[in-house]
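Hi,

Here is the structure I said I would pass on.

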Amino acid sequence: MADTKETERKPEGGAPNPGAAPRGKEKKGKKGTEPQAPKPEPQGPPPEPAPPPRLHEYYEQKVRPKLAQQFGLENRHQIPKLVKIVLNVGMGDAPKNPKGLEAAVAELAAITGQQPVVTRAKKAIANFNLREGMAVGCSVTLRGARMYEFLDRFISIAVPRMRDFRGLPSDSFDGRGNYTVGIKEQMIFPEIDYDKVEKIHGMDITVVTTAGRDDTALALLRELGMPFRGEAPVAVA
């Protein structure tokens, strides 16, 4: 009888019941509750893609054929085009005034629609009390659709708001088809709120092209509507 009772007892280290959940592996949701059901997917048509920039369509339809005919370029890859636009803001008092640098970063983000990066000193300069790695400004690089949209707003809205504006200089090329213009104040951009401006600062805007020469780059920017000094700007339709 004793042997029969011992065999009927459940062994302590025996195999677990296949129908029971294993210990220590119970799935629990947040704070021990049951897992929540997945949220239903929103119904409706998918969002429509954004329309292409107006200036990019104008370049493809009118500027590209005109430049190819003007310079006799048979290969379409030889026709100059925009590569990127770089905006750079230098803040000399950034180490002493970090709030001013934060305001400049926020303003540049509002102007371009892209988060800027903080530029830092590459080497120490004792005369300027500058150490390596100190924040000295901010910059942002625009490509693609954002590049064309910014250039369109800059030409048609921001440039005419300059004080005593008589045209942009046409001799600010670097010899390789890249154009740089300096802006004295950020107030010309409509995205800036006058009441929130802490300090007026300027910026450098560099337009990088594939021209390789100054004359072809000048013709490209002229056809895109850039108002150069002493010339009537081309109307972009």
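Met-91, Asn-97, Gly-100, Ala-103, Ala-104, Glu-107, Glu-198, Lys-199 and His-201 form the lining of the largest cavity. By type, that lining splits into 3 nonpolar, 3 polar and 3 charged residues. The space inside the largest cavity comes to about 60 Å³, and the count of cavities of 30 Å³ or more is 3. Do keep in mind that this is a predicted model, so treat every value here as computed from it.

What about the largest pocket, then? That one holds about 360 Å³ of space. It has 15 lining residues, and those closest to the pocket centre are Met-162, Arg-163, Phe-165, Gly-182 and Lys-184.

Asp-164 sits in the loop between helix 4 (144–158) and strand 4 (179–183). Is Asp-164 buried or exposed? Its relative accessibility is 72%, and because the cut-off for exposed is over 50%, Asp-164 counts as exposed.

Now the overall layout. The protein has 5 helices and 5 strands, and along the sequence they come in the order α-α-β-α-β-β-α-β-β-α. Of the 237 residues in the protein, 33% are buried. As for contacts between residues at least 6 apart in sequence, 65% of them join residues at least 24 apart.

There is also a helix pair for you to look at. Helix 2 (residues 54–71) packs with helix 5 (residues 214–223) at an angle of about 145 degrees, and their axes are 10 Å apart. The crossing of helix 2 and helix 5 is right-handed. On the helix 2 side, the contact is made by Tyr-58, Tyr-59, Val-63, Lys-66, Leu-67, Gln-70 and Phe-71; helix 5 brings in Asp-215, Thr-216, Ala-219, Leu-220 and Glu-223. Sorted by type, the residues of this contact are 7 nonpolar, 2 polar and 3 charged.

That's the lot from me.

Cheers

Conventions. Residues are numbered from 1 along each chain as its sequence is written. This is a predicted model: local features need pLDDT of at least 70, side-chain atom pairs count only at pLDDT 80 or more; totals for chains, interfaces and linings use all residues. Side-chain values use heavy atoms; hydrogens and water are left out. On a 1 Å grid over the protein atoms alone, a cavity is a set of points where a 1.4 Å probe fits but cannot get out, and a pocket is an open set with protein on both sides within 12 Å along at least five of seven lines; lining residues have an atom within 4 Å of a point. Grid points are joined across faces, edges and corners, and a volume is the space filled by probe spheres set on the points. Axes are lines fitted to C-alpha atoms, for helices over the stretch in contact, and angles run from 0 to 180 degrees between N-to-C directions. Helices (H or I, at least four residues) and strands (E, at least two) are DSSP runs, numbered from the N terminus. A crossing is left-handed if the near helix is turned anticlockwise from the far one by less than a right angle, and right-handed if clockwise. Contact means heavy atoms within 4.5 Å. Ala, Val, Leu, Ile, Met, Phe, Trp, Tyr, Cys and Pro count as nonpolar, Asp, Glu, Lys and Arg as charged, and the others, Gly among them, as polar. Buried means under 20% relative accessible area, exposed over 50%, partly exposed in between (1.4 Å probe, protein chains only).
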